Amino acid sequence: MALVLYTNAGNTNASKALITAEYSGVKIELAKDFQLEVSNYTPEFLKMSPIGMVPVLETPDGAIFDSNTIARYVAKLKADNPLYGSSLIEYAHIEQWMDFSATEIEAGLGRWIYTARFGFNSTYFNARDKGIKDC
């Protein structure tokens, strides 16, 4: 079974996995006919990602969601991958900056972009979260 990435076109989080795969020489196929807000709420998809989050990587051993987790998995598929550094401290620094980016930069930036650029506010996020729970 090939690695299959479920995502919508232009998803910047999916780019993390795709760029990592390119640098690592790992082949990832994109899921055919995937439609955001449709495909990711099907019962089959929710078995892979309980809240319908994308991207999701389907592997021979099971599905993985979360873009940083997927990128880490893909990088580790190649033995001695330089993307993971050549020492334990380099590995720790890579992990540190991936986590910092996700928790400190992306989270705040995402809320700002959705609010300022697209006009979404906390009411939108609360409604979205309620809708996900109701599925």
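**A tour of the chain**

Author: Trp97 lies in helix H4 (residues 88-117). Before going on: this is a predicted model, where local features need pLDDT of at least 70 and side-chain atom pairs count only at pLDDT 80 or more, while totals for chains, interfaces and linings use all residues. Residues are numbered from 1 along each chain as its sequence is written, and side-chain values use heavy atoms, with hydrogens and water left out.

Reader: Good to know. Is Trp97 buried or exposed?

Author: Trp97 is exposed, at a relative accessible area of 53%. Here, buried means under 20% relative accessible area, exposed over 50% and partly exposed in between, using a 1.4 Å probe and protein chains only.

Reader: Let's do the fold. How many helices and strands are there?

Author: There are five helices and four strands. Along the sequence they follow the pattern β-α-β-α-β-β-α-α-α. Both kinds are DSSP runs numbered from the N terminus: helices are H or I with at least four residues, strands are E with at least two.

Reader: In what order do the strands sit in the sheet?

Author: The order is E2-E1-E3-E4, in an open sheet with mixed pairing; two strands pair if DSSP finds at least two bridges between them. Strand E2 (28-30) and strand E4 (62-65) are at the edges with a single partner strand each, so one side of each has no neighbour in the sheet. On average, neighbouring strands are turned by 25 degrees against each other, direction ignored. For angles, axes are lines fitted to C-alpha atoms, for helices over the stretch in contact, and values run from 0 to 180 degrees between N-to-C directions.

Reader: What about E1 and E2, parallel or antiparallel?

Author: Strand E1 (residues 3-6) pairs with E2 in the parallel sense, over three bridges. Val4 stands opposite Glu29 in E2. Helix H1 (residues 12-24) packs on the sheet, where it touches E1 and E2, and its direction makes about 145 degrees with that of E2. Contact means heavy atoms within 4.5 Å.

Reader: Which strands does helix H3 lie across?

Author: Helix H3 (residues 67-76) lies across E1, E2, strand E3 (56-59) and E4, running at about 125 degrees to E4.

Reader: Switching to charges: how many salt bridges are there?

Author: The count is three, taking a salt bridge as a side-chain nitrogen of Lys or Arg within 4 Å of a carboxyl oxygen of Asp or Glu. In one, Glu106 meets Lys16 at 2.9 Å, N to O. That pair links distant parts of the chain, with Glu106 in helix H4 and Lys16 in helix H1, 90 residues apart.

Reader: What does Arg72 bond with?

Author: One partner of Arg72 is Glu95, with the closest N and O atoms 2.8 Å apart. Arg72 in helix H3 and Glu95 in helix H4 are 23 residues apart, and both are buried. Arg72 also forms a salt bridge with Asp99, at 2.7 Å between the closest N and O atoms. Asp99 is partly exposed, with a relative accessible area of 38%. Shared partners join Arg72, Glu95 and Asp99 into one network.

Reader: Last topic, the backbone. Which peptide bond is cis?

Author: The bond from Val54 to Pro55 is cis, with omega near 5 degrees. Pro55 lies in the loop between helix H2 (43-48) and E3.

Reader: And where is Asp66, with its positive phi?

Author: Asp66 is in the loop between E4 and H3, and its phi is about 90 degrees although it is not a glycine. Most residues other than glycine have a negative phi. Glu37 has a positive phi too, near 70 degrees, and is in the loop between E2 and H2.
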